[in-house]
Structure formats: C-alpha cells, structure tokens
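Hello,

Here is the structure I promised to pass on to you. Have a look at it first, and then read on for what turned up in it.

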Amino acid sequence: MDESAESVRVAALLDAEAKAGVLFDEAIARGLLAAGRSESAVSDAVADLAEEMFGIRRFWHKRIVRSGVNTLAPFAANPPDRVIGDDDICFLDFGPIFGAWEADFGRTYVLGADPAKLAIRDALEPLWSWGRDRFDTDPDITGGRLYAAVVERAAELGWEFGAAIAGHLVGEFPHKRISGTEVDTYITEGSDLPMRRPDPTGRACHWILEIHLVDRAGGFGGFFEQLLDVRPPD
C-alpha cells in the first residue's frame, strides 16, 4: 500500500466529514429544522445550504430528514413526508460529496424537553463510542461481529437496535464500484470478512459506524453516524 496516497485519502475523508459537521451546525443555527416545516422542505433547505457554503449539490445517497414516527423507519424505507411538530424528535442523515469524496453524517435533534426523546438522543453517541472501542480492540473483527456486538450492547442498555446494518464502507465516490461482494460492504449479519482489509484495488477499507435506536412504545427513534476507523489527529 502506498502510505503517502493513503494519508491523502484519510485526510480527504476527514475533511469531508468535518465539512458535513459544519453544514449541520449551520443548518441548526439558521433554524432550518423547525416545527411547522415538512421534512422535504428541510431536506431541500439543507441541500441549498450545502451549495451555498461549499458549492456542492451531489449526494451519494438519498437525503434523509425524519421526524416523529418516521424516525422508526430504517434507511431503505420511504415513509410519507411529515410536518415536524412542536415537541418533536428529528434526525438528519446526509451523504454529501466533497470533490471526489463521500461523507456520511447523521445526527439527532430534539425540539422541546420530552425526557424520553432526550434520553434516546443522549444514548446514541455513547453507544457509537462503545462500538468504536470494540472495533479498536479487535484487530480481526468482521462486520458481522461488530453488528452483533452493538445490537447486544444496545439491548443491555435497554434499547432496541432499529436497523439491519450498523454501517458501511465509505471512500471515493462511488465506493460501491470497487467494494467487492455486497454484504461485505456493510456492518451487518453475514459480513464475514475482516473489516481491516484492502479493497479490490489494494487500498485500505474505511468504514462508517451508524447507530439507530428505537423506542417503539414511544413511537420514535434516533440516529447517529460518522467515520469509524479514522479520526482527526489529537
């Protein structure tokens, strides 16, 4: 592996993620996520903001803004457009393309002070961090083992994991053209290759870890995702 080229790849992925974080922060600061707005209107507004801030209009996966009961739905679902309520929970999941590089970034926001909604929001990042620690301490971990671990840990903490995957490969757009067998591009049951491996072009695989927790009795969920295996320097 060309170490210099790999350093460039890692820096580009981190830069893309940092810009996605700035985009979300600015969207919240401008009040784009607000009661009375439809999910589709928020999605379009955030896309317009991405173009304004960074000159981008391409996203490598569908833009997701979900609120209320729609936050129970997994990524592949297409629930009906919904108007955000006064005391709602919402999440954003966007995959902007910065230059040639994919970002994938998800965050959950609570409008109001509902303790159950705040609890699920506040449980997401700690479980994500637990999953990263699990990845860090097992050099040979597979996507299947990491998926099983985060699902089990969620249950231990009293939560239901709401998706059939807990992440995926990420890289140059479109990463799936060079990623190999479909199931092995995901952190999911049946993904049995070591996550630390070269892709079919000989370059290192890089991963997104995503956490989707649901409170079915309450009728809502929460979502958090970002880069798993690379992180900014201290």
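A definition to start with: Ala, Val, Leu, Ile, Met, Phe, Trp, Tyr, Cys and Pro count as nonpolar, Asp, Glu, Lys and Arg count as charged, and the others, Gly among them, count as polar. Please keep in mind that this is a predicted model.

Let's begin with the largest pocket. It holds about 210 Å³ of space. Sorted by the classes above, the residues of its lining are three nonpolar, three polar and five charged. You can find them in the structure as Glu39, Ser40, Ser43, Lys62, Arg63, Ile64, Val65, Arg66, Asn78, Pro79 and Asp81. At least two residues of this lining come from helix H2 (39-54), and at least two from strand S1 (64-67).

One of the lining residues is Arg66, which sits in strand S1. Is Arg66 buried or exposed? Its relative accessible area is 5%, and buried means under 20%, so Arg66 is buried. Asp81 also belongs to the lining. Arg66 and Asp81 are 15 residues apart along the chain, and their C-alpha atoms are separated by 8.4 Å.

Next, please look at Asp104, in the loop between strand S4 (101-102) and strand S5 (105-110). Asp104 is buried but has no salt bridge. Which side chain of opposite charge is nearest to Asp104? That is Arg107, 9.6 Å away. The side chain of Asp104 does make a polar contact of 2.7 Å with the side chain of His168.

Note on methods. Residues numbered from 1 in each chain as written. Predicted model: local features only at pLDDT ≥ 70, side-chain atom pairs only at ≥ 80, totals over all residues. Heavy atoms only, no water. 1 Å grid on protein atoms, 1.4 Å probe; cavity = no way out; pocket = protein on both sides within 12 Å on 5 of 7 lines; lining within 4 Å. Points joined across faces, edges and corners; volume = space filled by probe spheres on them. Helix = DSSP H or I, 4+ residues; strand = E, 2+ residues; numbered from the N terminus. Buried < 20%, exposed > 50% of the residue type's maximum accessible area, 1.4 Å probe, protein only. Lys, Arg positive; Asp, Glu negative; His and termini not counted. Salt bridge = Lys/Arg side-chain N within 4 Å of Asp/Glu carboxyl O. Polar contact = N/O pair within 3.5 Å; in protein donor to acceptor, adjacent residues only side chain to side chain.
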